[in-house]
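Please work through the exercises below with the sequence and the 3D view side by side, trying each task before reading its solution.

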Amino acid sequence: MSVQSNKAPKTMTSSGIVLFPVASRAGDIERCAAELDSRHGEEAVRFWKTECRRLADELTGLGLSEADMRRQVMTFQAEVQTALVHRHQARAIAESRSGRAVKR
């Protein structure tokens, strides 16, 4: 699928692959949302910090400036949060339709 943009790519790797915005990393976003959905407390915090640090290091290694790297990591964090919300909403809808909703 081809995507057109008004902006020129900021960074290219030595192999000539264009670095696309983090928000387009749907696989990583869904993977992190699934992991965070299954982890809790300190385990979830450790996982999340490790993932964000890994992404920041990868982007810095590809030549992004500190400011651009931070923007990309923040975008990634927002996308994962949105994916978590969608996961919870889908689960709540499925449970309510099946009659398994928790009554308060």
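The exercises that follow concern a predicted model, and each task is followed by a solution in steps.

**Exercise 1. The overall make-up**

Task: Find how many helices and strands the protein chain has, and in what order its elements run.

Solution: Begin by counting the elements, which gives three helices and zero strands in the protein chain. Next, follow the chain from the N terminus, where the elements read α-α-α. Then turn to burial, for which the protein chain has 104 residues, 23% of them counting as buried. Lastly, take the contacts between residues at least 6 apart in sequence, of which 59% join residues at least 24 apart.

**Exercise 2. How H1 packs on H2**

Task: Decide how H1 is oriented to H2, and list the residues through which H1 and H2 meet.

Solution: Start from the axes of H1 and H2, which come within 10 Å of each other and cross at roughly 165 degrees. Angles over 145 degrees count as roughly antiparallel, and therefore H1 is roughly antiparallel to H2. The crossing in which H1 passes H2 is right-handed. On the H1 side the residues are Asp-28, Arg-31, Cys-32, Glu-35 and Leu-36, and they meet Ala-44, Phe-47, Trp-48, Glu-51 and Arg-54 of H2. Sorted by class, the residues of this contact of H1 with H2 comprise five nonpolar and five charged, with no polar ones.

**Exercise 3. How H1 packs on H3**

Task: Work out which orientation H1 has to H3, and which classes of residue make up their contact.

Solution: The axes of H1 and H3 lie 9 Å apart, and the two helices pack at an angle of about 60 degrees. That angle makes H1 oblique to H3, and the crossing of H1 and H3 is right-handed. From H1 the contact draws on Asp-28, Ile-29, Glu-30, Cys-32, Ala-33, Ala-34, Leu-36 and Asp-37, while H3 supplies Phe-76, Glu-79, Val-80, Ala-83, Leu-84, Arg-87, His-88 and Arg-91. By class, the contact of H1 with H3 holds nine nonpolar residues, one polar residue and six charged residues.

**Exercise 4. The aromatic pair**

Task: Locate the one aromatic pair that a search of the whole structure finds, and determine how its rings are arranged.

Solution: The search of the whole structure gives one aromatic pair. Its members are Trp-48 and Phe-76, whose ring centres are 5.9 Å apart and whose planes stand at 15 degrees, so the pair is stacked. Placing both residues on the chain, Trp-48 belongs to helix H2 (residues 41-61) and Phe-76 to helix H3 (residues 66-98), so the pair ties together parts that are 28 residues apart in sequence. Phe-76 has a relative accessible area of 1% and is buried.

**Exercise 5. Two residues compared with the cut-offs**

Task: Is Asp-37 buried or exposed, and what accessibility does Thr-82 have?

Solution: Asp-37 sits in helix H1 (residues 26-38), and because its relative accessible area is 14%, it counts as buried, the cut-off being under 20%. Apart from its neighbours within four places in sequence, Asp-37 contacts Leu-84, Arg-87, His-88 and Arg-91. Thr-82 has its place in helix H3 and, with 38% relative accessibility, counts as partly exposed. Finally, compare Thr-82 with Ile-29, which is 53 residues away along the chain, and find that their C-alpha atoms are separated by 9.4 Å.

Conventions:
Residues numbered from 1 in each chain as written. Predicted model: local features only at pLDDT ≥ 70, side-chain atom pairs only at ≥ 80, totals over all residues. Heavy atoms only, no water. Phe/Tyr/Trp six-rings, centres within 6.5 Å; stacked < 30°, edge-to-face > 60°. Helix = DSSP H or I, 4+ residues; strand = E, 2+ residues; numbered from the N terminus. Buried < 20%, exposed > 50% of the residue type's maximum accessible area, 1.4 Å probe, protein only. Contact = heavy atoms within 4.5 Å. Axes fitted to C-alpha atoms, helices over the stretch in contact; angles between N-to-C directions. Parallel < 35°, antiparallel > 145°, perpendicular 65-115°, else oblique. Left-handed = near helix turned anticlockwise from the far one by under 90°. Nonpolar A, V, L, I, M, F, W, Y, C, P; charged D, E, K, R; others polar.
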